[in-house]
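Here is a short briefing on a predicted model. The points are grouped by topic.

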Amino acid sequence: MSRALLPRHAASVIKCQKDPLRALEMFNSVKKEEGFKHTLLTYKCMIDKLGFHGEFEAMENLLFEMRSNIDSSLLEGVYIGCMRNYGRKGRVQEAINVFERMDFYNCEPTVLSYNAIMNILVEYGYFSQAHKAYMTMMDKGILPDVYTFTIRIKSFCKTKRPHAALRLLRNMPSQGCKVNAVTYCTVVGGFYEENHQAKAYELFDEMLTLGICPNITSFNKLMHILCRKGDVQESEKLLNKVFKRGVCPNLYTYNIIIQGLCRKGVVSEAVNLLESVTREGLRPDVVTYNTLICGLCKNSKVAEAECYLHGMVNEGLEPDGFTYNSIINGYCKLGEMQNADKVLKDAVFKGFVPDEFTYCSLINGLCQDGDTDHAMAVYNEALGRGLKPNIYLCNTLIKGLSQQGLILQALQLMNEMSENGCSPDIWTYNIVISGLCKMGCVFDAHNLLNVGIAKGYLPDIFTFNTLIDGFCKQLKIENAIEILNQMWSYNITPDVITYNSVLNGLCKTSKYEDVMETFKVMMEKGCVPNIITYNILFESLCKAQRVNEALNFLEEIQDKGLTPDIVSLGTLTHGFCKNGDLEGAYQLFRRMEQKYNVSHTTATYNIMINAFVEKLNIKMAEKLFHEMDENGILPDSYTYRVMIDGFCKTGNVDSGYNFLLEKVEKGFIPSLITFGRVMNCLCVEHRVHEAVGLIHLMVHKGIVPEVVATIFEADKRDVAAPKIVVEDMLKKGHITYYAYELLYDGVRDKKVLKKKLRSGSMI
């Protein structure tokens, strides 16, 4: 006599079966067994499995069947499981439907059901609906439990109200609920999310003092918050505290910290932590290696990442698509396409199938490298291997072609997208519009936008900002303002980038009154200016010789919490100089570091040196030049040119001549004007020999007219080049006729001397 099949046997088989539909077949087949009847246990096991695997239609059919066979008042646990499975898949409305049907099917929801639906609503950001569910529960006289309070606390924290969450935590004991570690950790996490580190740490310490110690799961959630925000140091402080109380970090803990270190850019510490994981007796998994490999690649250490790829294989772990794609993308971003191709071939040999991300990385890398033909070949290869054209793949290639100036090819690909079953989106249009604007074809870009609108593609803020910037750069301000006004009809509010483009265009073309009027409109519309906005205002006011008004704005921006930058202060300093107020300029120049904590640059020194040279105050100019050297600020070609001009203007020919030689020695190529100025001064003082030496220095450094390059015979070129340089300098007005005569004779005399020396050596 065979043993009867019991419901618990059927439930065990259903749980062990991995395929949910195969499990359902077994569930249905056992009904035929004589004397067997499904119970609440078997129904719950089967419904849970179907829901967990997303087989919701089959799950709902089984629910319908179950209601006919099982007492509805016993089904709350089944309904809660259905809600959670819907929630896990993001199907919030279906979860709500299950909850709302419970009453209809004579299953009275308890606090457990309310907790389940509130938790789903809070997880997906439906905070007001979660609050309504809570109020309904209270109206029905259902008392909240510790999980209800924890869900409410989580809702407060997710809505950036950690102090409200803390008040609720403090109120829990009076409601008959004992606070646990999960509740405390939720509040602590809320304070960390809002950057209240001191309060969060104080609460964490309070929790431990009360003898409440989190388990590793709750603690890991805290670690994740901190590491995501880049505060790895704080996470290590908390880890040390719980470690002393017997909470041992698991592999997930270490993975979180490794990710945090990589995000912070300290990949060397992440590498050290990986090595310590092994020492702690834990075995790194694919996630551990992938986290480190991704971090190394994002920090441009792709070769090192590839070493860890080989390391994980040696450890018996199998790299996945994320592993290979991280390294391939890393090499592509560095422009090392050969290495990317090598890794790809090795990966394909081991069974990796290149996906959309792989091809996008390759296409992007090849386009950045200028190899658009190869990028097109890779795109066609992807389609040939069965990858359907999608928006990401097409946009990547269109962006690459546009950046290389191949707009016609980009437009052709854009037109072919629909034929291949992939419609362009507004980002596709934005890419091509941006490419057209960069090439100066702004009206063509505007026409393309109109085509897109006619086809039903609504422009976004990026579309309008690109066009406005394009028109402003071409000084077509009326067109830019027309686009600005058009934005409102599409319910798009201009942002600070929009207004900055318009202000900059007005600054280049209009009176300062127009700039100030637009700035006033910007403020009235509630758009908050940034430091770039104020820098444009400074430039406009300084051009209008209203430097003191600009100086008032400097005080205003500090009151608004903005920090003046080198552009702000450089513009104002230049404005003072142009306004003839050298003393005001020099005072502001000195206040840069002392008051505004802005370090000087070569550009700021150049402004002041040039101002003093124009006033023929060469001593102050020379003092600032030497100060640059003392402060480790390197002069540029402009600095030397201004100093040389200053020395020549003040009759200090020796210093001008020496500065010119020093400039050439340091690798700068002086302009013909600078060479001419020094030559004129030397000739006036009858120092023709040194002036001729400068002509030969120019020839030696290749600072010669293009015609010299057409003389193929070296001997003839050496003889003709100095004479050609002298004639070219006169022709361009860089030397006087007096200097020309002396230099021409000097060059000829030098030729004769060389010829005599050569003939003497032959004898």
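The side chains of Thr253 and Asn250 are joined by a polar contact of 2.7 Å. A polar contact is a pair of N or O atoms within 3.5 Å; within protein, one must be able to donate a hydrogen and the other to accept it, and residues adjacent in sequence count only if both atoms are side-chain atoms. This is a predicted model: local features need pLDDT of at least 70, side-chain atom pairs count only at pLDDT 80 or more, and totals for chains, interfaces and linings use all residues. Residues are numbered from 1 along each chain as its sequence is written, and side-chain values use heavy atoms, with hydrogens and water left out.

**Around Thr253**
- Thr253 sits in helix 15 (residues 251-264); helices are DSSP runs of H or I, at least four residues, numbered from the N terminus.
- Thr253 counts as buried because its relative accessibility is 0% (buried means under 20% relative accessible area, with a 1.4 Å probe and protein chains only).
- Not counting residues up to four places away in sequence, Thr253 touches Ile216, Asn220, Met223 and Leu239 (contact means heavy atoms within 4.5 Å).

**Around Tyr605**
- Tyr605 belongs to helix 35 (residues 602-614).
- Tyr605 is buried, because its relative accessibility is 1%.
- Its side chain makes a polar contact of 2.9 Å with that of Asn631.
- Leaving aside neighbours within four places in sequence, the contacts of Tyr605 include Phe589, His600, Leu624 and Ile633.
- Phe625 is 20 residues from Tyr605 in sequence, and their C-alpha atoms are 7.8 Å apart.

**Nonpolar cores**
- The largest nonpolar core has 199 residues, and Ile609 and Phe675 have the most contacts inside it.
- Such a core is a set of buried Ala, Val, Leu, Ile, Met, Phe, Trp, Tyr and Cys residues joined through side-chain atoms within 4.5 Å.
- Another core, of 45 residues, lies apart from it and has Ala23, Leu50, Tyr79 and Ala133 among its members.
- Beyond four places in sequence, Ile609 is in contact with residues including Ala621, Phe625, Thr639 and Met643.

**Largest pocket**
- The largest pocket has a volume of about 1000 Å³.
- On a 1 Å grid over the protein atoms alone, a pocket is an open set of points where a 1.4 Å probe fits, with protein on both sides within 12 Å along at least five of seven lines; lining residues have an atom within 4 Å of a point.
- Its lining has 29 residues, with Asn119, Glu123, Lys154, Thr186 and Lys221 nearest the centre.
- Among the elements giving two or more residues to this lining are helix 5 (76-88) and helix 13 (216-228).

Notes
Points joined across faces, edges and corners; volume = space filled by probe spheres on them. Buried < 20%, exposed > 50% of the residue type's maximum accessible area, 1.4 Å probe, protein only.
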